[in-house]
Amino acid sequence: MSTFANATFTIESWKEQPLHEKLGLPKMSRVSAVVNYQGDIEGEGRVEYLMTYREDGSASFIGLERVRGGIAGYTGSFVLQHGGTFENGVAKSAFTVVPGSGTDKLATLRGHGEYAATECNTPVTMQYAVMDLEEERETVLVTPELIPTGP
C-alpha cells in the first residue's frame, strides 16, 4: 500500500560550474547543491545536477540526490533520480526513488514525486511505499473480552 508525503525544501547551497565551454555551443554545467527537507520528509539532500541551457535561458537537467533523514518517522537514507526543466522562472522536476538505494528502515523504499520551485520554501509531494514495513513495527494484540450469550 502506498501513501503520500508532503514536505518543503530549501536550497542551502548551489555551486554551478561550466562544462565543455565552447563558442557557439549551448551552455552546459554541473551543479552541486545541498537542500533541507521539512515535513513528512525530514533531513538533508545532497544533489548533483547536469544542466544544459538554451538561448532563451531555459534549461533541462538530470540529477541524483542522496537524502539522509526520514519519511513519516522512519529513518534512513535513499537516492532520488531527477529529470526536469527550468522555464519562465520555474524549476520543475519529476523524480523516482532509485530501487535498492534505501538504508535502515527505508531499505525497501519505493516511490516517485514532483515539485515546481519558484521560491525558497518549495513544496514537494512524494507517493511512496516501504515494503514489508509491518514486520518492522511492533504490534500489540489485545484479546477481546467474550460477550456473554443467552440469559
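# Briefing: an eight-strand chain

Leu-64 has Gln-81 of strand 5 as its bridge partner. The model in which this pairing is found is a predicted one. The chain has eight strands and zero helices, and 34% of its 151 residues count as buried.

**Strands and hairpins**

- Read from the N terminus, the order of elements is β-β-β-β-β-β-β-β.
- Strand 4 and strand 5 run antiparallel and are joined by 13 bridges.
- Two residues lie between the strands in the hairpin of strand 4 and strand 5, and Ala-72 in this hairpin takes a positive phi near 50°.
- Strand 3 also pairs with strand 4 in the antiparallel sense, over 13 bridges.
- One of the bridge pairs here joins two arginines: Arg-46 has Arg-66, in strand 4, as its partner.
- The hairpin of strand 3 and strand 4 has five residues between its strands, and there Gly-57 has a positive phi near 95°.

**Aromatic pairs**

- Four aromatic pairs turn up when the whole structure is searched.
- One of them is formed by Trp-14 and Tyr-49, with ring centres 6.0 Å apart; the planes stand at 40°, so this pair counts as tilted.
- Trp-14 belongs to strand 1 and Tyr-49 to strand 3 (residues 41–53), so the pair ties together parts of the chain that are 35 residues apart in sequence.
- Trp-14 has a relative accessible area of 39% and is therefore partly exposed, whereas Tyr-49, at 8%, is buried.
- Tyr-49 also pairs with Phe-61: the ring centres are 5.1 Å apart and the planes are at 75°, so the pair is edge-to-face.
- This second pair links distant parts of the chain, with Tyr-49 in strand 3 and Phe-61 in strand 4 (residues 59–71), twelve residues apart.
- Both Tyr-49 and Phe-61 are buried.
- Elsewhere, ring pairs join Phe-9, Tyr-37 and Tyr-115 into a cluster.

**A charge over a ring**

- Lys-27 places its charged end over the ring of Tyr-53, at 4.5 Å from the ring centre.

**The cavity**

- Rolling a probe the size of a water molecule over the atoms shows where space is left empty.
- In this structure, a search of the whole model finds one cavity of 30 Å³ or more.
- The largest cavity holds about 40 Å³ of space.
- Its lining is made up of Tyr-37, Ile-41, Val-67, Phe-78, Leu-80, Phe-95, Val-124 and Met-126.
- Strand 5 (74–87) and strand 8 (122–130) are the elements that give two or more residues to this lining.
- Sorted by class, the lining has eight nonpolar residues, no polar ones and no charged ones.

- Phi is negative in most residues other than glycine.
- His-20, which is not a glycine, has a positive phi of about 50°.
- The position of His-20 is in the loop between strand 1 (3–19) and strand 2 (28–39).
- The relative accessible area of His-20 is 64%, over the 50% cut-off, so His-20 is exposed.
- Asn-88 is another residue other than glycine with a positive phi, near 50°.
- The loop between strand 5 and strand 6 (90–97) holds Asn-88.
- Asn-88 has a relative accessibility of 81% and so counts as exposed.

- Arg-54 is found in the loop between strand 3 and strand 4.
- With a relative accessibility of 37%, Arg-54 counts as partly exposed.
- Arg-54 and Leu-25 are 29 residues apart in sequence, and their C-alpha atoms are 9.5 Å apart in space.

Terms used:
Residues are numbered from 1 along each chain as its sequence is written. This is a predicted model: local features need pLDDT of at least 70, side-chain atom pairs count only at pLDDT 80 or more; totals for chains, interfaces and linings use all residues. Side-chain values use heavy atoms; hydrogens and water are left out. On a 1 Å grid over the protein atoms alone, a cavity is a set of points where a 1.4 Å probe fits but cannot get out, and a pocket is an open set with protein on both sides within 12 Å along at least five of seven lines; lining residues have an atom within 4 Å of a point. Grid points are joined across faces, edges and corners, and a volume is the space filled by probe spheres set on the points. Helices (H or I, at least four residues) and strands (E, at least two) are DSSP runs, numbered from the N terminus. Ala, Val, Leu, Ile, Met, Phe, Trp, Tyr, Cys and Pro count as nonpolar, Asp, Glu, Lys and Arg as charged, and the others, Gly among them, as polar. Buried means under 20% relative accessible area, exposed over 50%, partly exposed in between (1.4 Å probe, protein chains only). Rings of Phe, Tyr and Trp (its six-membered ring) pair if their centres lie within 6.5 Å; planes under 30 degrees apart count as stacked, over 60 as edge-to-face and the rest as tilted. A charge sits over a ring if NZ of Lys or CZ of Arg is within 6 Å of the ring centre and within 35 degrees of the ring normal. Two strands pair if DSSP finds at least two bridges between them.
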